[in-house]
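Open the model in your viewer and keep the sequence panel beside it. Each stop below says what to select and what is there.

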Amino acid sequence: MKNLFLLLLLGLLSLNISAQESTLPKVMLKTLDGQSFNTSGISNDGKPIIISFWALWCKPCQKELDAFNESYEEWQKETGVKIYAVSIDDSRSTARVAPLVKGKGWEFEVLLDPNGDFKRAMNVNMIPHTFLLDGSGKIISQHTSYFEGAELELYEKVKKLAAKK
Amino acid sequence: MRKLLIIILGIFCLSTLYAQDLFNNATVNGSFQTDVQFYRPDATIGIYDSTIAGRKIGINGFGNMIFTLGKFKAGMRYEAFMTPIAGFDPRQEGNGFPYLWASYTSDLIEITAGNFYEQFGNGLIFRTYEEWTLGYDNSMNGMRVVIYPMKGLTLKGVYGSQRFFWQKFERNNRGIVRGADAELNLNDAVAGWESAPLRLTLGASAVSKYQRDADPIYNLPENVGAFSGRVNLGAGNFNFMTEYAYKINDPSALNNFIYHEGQAILSSLSYSQKGLGVVLQLKRVDNMSFKSDRAISANALDINFLPPINRTHAYSLTAKYPYATQPNGEMGLQFQVNYKIPKGSLLGGKYGTGIAFNYSQVNDIVRNQVNDTTSIGQEGTLGYTTDFFKVSDHIFFRDINFEIDKRINSKLKAMVQYMNLLYDIATIEGHTGEPAVEAHLAVADVTYKLSSKNALRVEAQGLWTKQDEGDWAALMAEYTIAPKWFVAVADQYNYGNPVKDHRNHYYTVSAGYTRESTRLALTFGRQSEGVVCVGGVCRQVPASSGLTLTLSTNF
């Protein structure tokens, strides 16, 4: 009962807050060569940003990233979009992430979130989970799961964002 | 509790009256998920009314919320397992707020009070994490401080007790965990090294567990210390990482109360360039189970994480026999090559061809008698002596797999995989006396694009073995309309089961709708019994039959 009351209060509290577009939480991640990377460093000179959560054990994630990679050159030329792929693999497989990324020839930035800190801060329940951010780092839209062709819808949104600027 | 409510009420009133501006800068985000399972009796796969035992519906659900105001953050997660879905620990049954926290973060310091997750290095002596879908959560309840005293240096300190299902911490009902970690990145810390060709990171940690010794026979260590050191060295396309961990004697239910010390080492060496990645990983674990209650052997209250380094498979049959780390002792090796045959070459074709090869093997360690009168692993003794570099002939697990993926034309994509498996089911699943499973597996996964948004995907799998449940075949067809709809039908057929009556079909029909980050999926059919391993923990899923509904959203 008390818990319920607490929940209600929190609910009221959140109603009291005028809706704000979310920006990125600050979390420490690792780069593929073991260096620390603060998510406040995710930026792209005012152009759109895509952040995609994935893992080695997630086939649809890799299909999505393969699809991004096939068009990345073209997307970058047209809109300047930058992609960050955040691997949530834990220490059982973090060492295998860099070889897979290079082996697949992925051209975008890849970051490691070995204990799911960024995943939790971004409220990601399932992967793949992809966020689209505008140039100021505000989250514009997000999508979970990947089906063949879903990258086209995402890219339409990227184009709209790039044109707005 | 009442005080807390008054404070929150106070904040609420204040915010309404005076602090509109302050709260205009605040944000709230969160997520929800509910999994509902409706069971039905299914005599062919051995599910009777008595098996369900009245629990016709299982529901697992959580709601997560994070409140941010400048440098201040607070969060909570509410969970309700009522009753837990089949396969979850019955002790999960309950509801409440297992995860409540508040934190303050500046450039110099980060303080968290309440529940938190943390990992030191690779987690060999400390890792708390949650895997909600598996019902695993060993979060700390206490405090954490992270300090950044200078560029390149990170110091962490933690203390508290760990989550044990819904049981509240009380004096002496489980251990207390304290730990500290330091990580130094020399390229950031030393002036002039920023762009040095070598990238060097060093780390060290110490963890101590306090648990009262109430044992009537043995004199047990009340404070168990564990220490670890790690190095990460990058040079050009090469990267080398190693971590070594040591734990003082820690007699427990899991190691049969022996006074042996614990050791673990994890190393990897990798080479990556565009189109090619190679990695070799080695590990040795000796008596390294570390729990905040020495009396339990269940999958809970782990202080550390001993990563299984073999490949985690993603198809139902290739994942049927997954390896789980043997904390009492193992030596493992893992080797992987990823190569992309370039576009335009003879084998690469128009789009290039991806190749992956993976080999992993895990053996037991060699144990020798301490002296002539003590048997190996005898309770209350030093247990055994062991040679660090000797590998036992006893193979726990071996997986050799080879994978090719290729885009054939603008519409057709295919992936084929072969896997050869050796799985010591007696050790890994505790099926004493059963012979090791030797199996061949093959998978084909083909996607055909019907239009820019419509696609058909077909997955065919085979598992051939003379042991355990014999041969299996699986077929799945999935139709997707990107980015919102999917419908799939699948069947797993245990056609080679040595017991004729057990040659069952496990069919499922599923459909789902996703909009933005809201996803609703329905599955109807039979789930075959098996081990589900995700994120380092494994769970035995019993055969089930019925309807499953999953709803997930994020805001």
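Select chain A: of its 165 residues, 50% count as buried. A residue is buried if 20 or more other C-beta atoms lie within 10 Å of its own, exposed if 12 or fewer, and partly exposed in between, with C-beta atoms placed from the backbone. This is a predicted model, in which local features need pLDDT of at least 70 and side-chain atom pairs count only at pLDDT 80 or more, while totals for chains, interfaces and linings use all residues. Residues are numbered from 1 along each chain as its sequence is written, and chains are lettered from A and ligands numbered from 1 in the order in which they are written.

Now colour chain A by secondary structure. Helices (H or I, at least four residues) and strands (E, at least two) are DSSP runs, numbered from the N terminus.

The mean for chain A is 86, and 86% of its residues reach 70 or more. Confidence is lowest in helix H1 (residues 2-15) of chain A, at a mean of 54, and highest in E4(A), at 97. Over residues 15-20 of chain A, pLDDT stays under 50.

Select residues 59-79 of chain A, which form helix H2. Where is the kink in H2(A) centred? The kink, of about 55°, is centred on Tyr72(A); the bend at a residue is the angle between axes fitted to the seven residues ending there and the seven starting there. The buried residues of H2(A) include Leu65(A), Phe68(A) and Trp75(A). The buried residues of this helix pack against strand E3 (49-54), strand E4 (82-87) and helix H5 (150-164) of chain A. Just after H2(A), Gly80(A) takes a positive phi of about 75°.

Stay with the interior. A nonpolar core is a set of buried Ala, Val, Leu, Ile, Met, Phe, Trp, Tyr and Cys residues joined through C-beta atoms within 7 Å. The largest such core has 46 residues, and those with the most contacts inside it are Trp54(A), Ala55(A), Val86(A), Val97(A) and Ile127(A). Elements of chain A that give two or more residues to this core include E3, H2, E4 and H5. Apart from this core lies another, of 30 residues, among them Leu124(B), Tyr129(B), Val224(B) and Ala245(B).

Show both chains. Two residues are in contact if their C-beta atoms, placed from the backbone, lie within 7 Å. By that rule, 75 residues of chain B are in contact with 56 residues of chain A.

Turn to chain B, divided into domain 1 (106-307) and domain 2 (309-510); the domain bounds come from an automatic or database domain assignment. The C-alpha centres of the two domains lie 28 Å apart. Their contact takes 25 residues from domain 1 of chain B and 26 residues from domain 2 of chain B.

Finish at Asn223(B), in strand E12 (residues 223-235) of chain B. Is Asn223(B) buried or exposed? Asn223(B) is exposed, because 12 other C-beta atoms lie within 10 Å. Leaving aside neighbours within four places in sequence, Asn223(B) is in contact with Ser208(B) and Tyr210(B). The C-alpha atoms of Asn223(B) and Tyr210(B) are separated by 4.6 Å, though these residues are 13 residues apart along the chain.

Note on methods: pLDDT is the predictor's confidence in each residue, from 0 to 100.
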